[in-house]
Amino acid sequence: MTARHWSRGFRLFLLFVVIFGLIAVLVTYNHTAWFDDRIIHLVQSPESPALTSTAKTLSLVGSSKIVISLSLVIMAALFLFLKHRLELLLFLWVGVTSNILNSILKNWIHRERPNIHRIIEETGFSFPSGHSMAAFSVYGALTFLLWRHLRSGSARVLLVVICFILTAAIGWSRIYLGVHYPSDVIGGYAASCAWLMLSIVLFEALRSFLKKRKG
């Protein structure tokens, strides 16, 4: 990775830190209420048994049980079959630290969950969304690692589209089920994107350093 790429990755990290900071400030001073109420109404208005079942399934896909299980499978594949031990380190780092970061941010902001119309019950604070952060971090890291080994441009585009749709759908499910505000979900995406960008920059720096030492 060249210095230019490092610089671009670090600029993206700073950009998403600023975006998250702005959202956090707006949430703290309750300036997102109008936005949250409108989006919640828009998302929940077509409520139906089929949509509720879909939302619950998507929410499960973004839950810690599924994310941890998937992470273990991916880490085993990286280590045993592909021999990508450094990539295993990145995946493990992003998965573990993003969860810790989410807990820190939730306890810092102390935002209560919405009580407009809850389809399921959840405990804990609301901002930023843990499901959104976990989904973006893990599936985003997976997309980055797979991207590096794909040569086809169309395959890369398909990979990004699948990751985008999956993470967006998980965010939608949390709003639909009434356990998160839209600003929680967007804030979760911004926080995990910033952390993922920084993690990738550090990963590439470590990889370049180790490559030079071997050379």
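This is a predicted model: local features need pLDDT of at least 70, side-chain atom pairs count only at pLDDT 80 or more; totals for chains, interfaces and linings use all residues.
Student: What pLDDT does the chain average?

Tutor: pLDDT is the predictor's confidence in each residue, from 0 to 100. The chain averages 87. A score of at least 70 is reached by 93% of the residues.

Student: Where is confidence lowest, and where highest?

Tutor: Helices here are DSSP runs (H or I, at least four residues), numbered from the N terminus. Confidence is lowest in helix 4, with a mean of 71. It is highest in helix 2 (residues 33-44), at 95.

Student: How many residues does the largest nonpolar core have?

Tutor: First the general idea. In soluble globular proteins, nonpolar side chains tend to be buried together. A nonpolar core is a set of buried Ala, Val, Leu, Ile, Met, Phe, Trp, Tyr and Cys residues joined through side-chain atoms within 4.5 Å. Buried means under 20% relative accessible area, exposed over 50%, partly exposed in between (1.4 Å probe, protein chains only). Here the largest core has 24 residues. Leu90, Phe91, Tyr139 and Phe144 have the most contacts inside it. Helix 4 (64-81), helix 5 (85-109), helix 6 (130-147), helix 7 (153-176) and helix 8 (182-214) each supply at least two of its residues.

Student: How do helix 6 and helix 8 cross?

Tutor: Axes are lines fitted to C-alpha atoms, for helices over the stretch in contact, and angles run from 0 to 180 degrees between N-to-C directions. The axes of helix 6 and helix 8 come within 8 Å and cross at roughly 35°.

Student: Which residues of helix 6 and helix 8 meet?

Tutor: Contact means heavy atoms within 4.5 Å. From helix 6, the residues include Met133, Phe136, Gly140 and Phe144. From helix 8, they include Tyr189, Leu196, Phe203 and Glu204. The residues of this contact divide into eleven nonpolar, five polar and one charged. Ala, Val, Leu, Ile, Met, Phe, Trp, Tyr, Cys and Pro count as nonpolar, Asp, Glu, Lys and Arg as charged, and the others, Gly among them, as polar.

Student: What should I look for in the loops?

Tutor: Check backbone angles. The loop between helix 5 and helix 6 holds proline 128. The peptide bond from phenylalanine 127 to proline 128 is cis, with omega near -10°. Histidine 110 is in the loop between helix 5 and helix 6. Its phi is positive, near 60°, in a residue other than glycine. Asparagine 30 sits between helix 1 (3-28) and helix 2. It is not a glycine, yet its phi is about 60°.

Student: Is asparagine 30 buried or exposed?

Tutor: Asparagine 30 is exposed, because its relative accessible area is 54%. Histidine 110, at 47%, is partly exposed.

Student: What does histidine 131 touch?

Tutor: Histidine 131 lies in helix 6. It is buried, with a relative accessible area of 14%. Not counting residues up to four places away in sequence, histidine 131 touches Ser59, Gly62, Ser63, Glu122, Ile170 and Arg174. Histidine 131 and serine 63 are 68 residues apart in sequence, but 6.0 Å apart in space, C-alpha to C-alpha.

Definitions and conventions: Residues are numbered from 1 along each chain as its sequence is written. Side-chain values use heavy atoms; hydrogens and water are left out.
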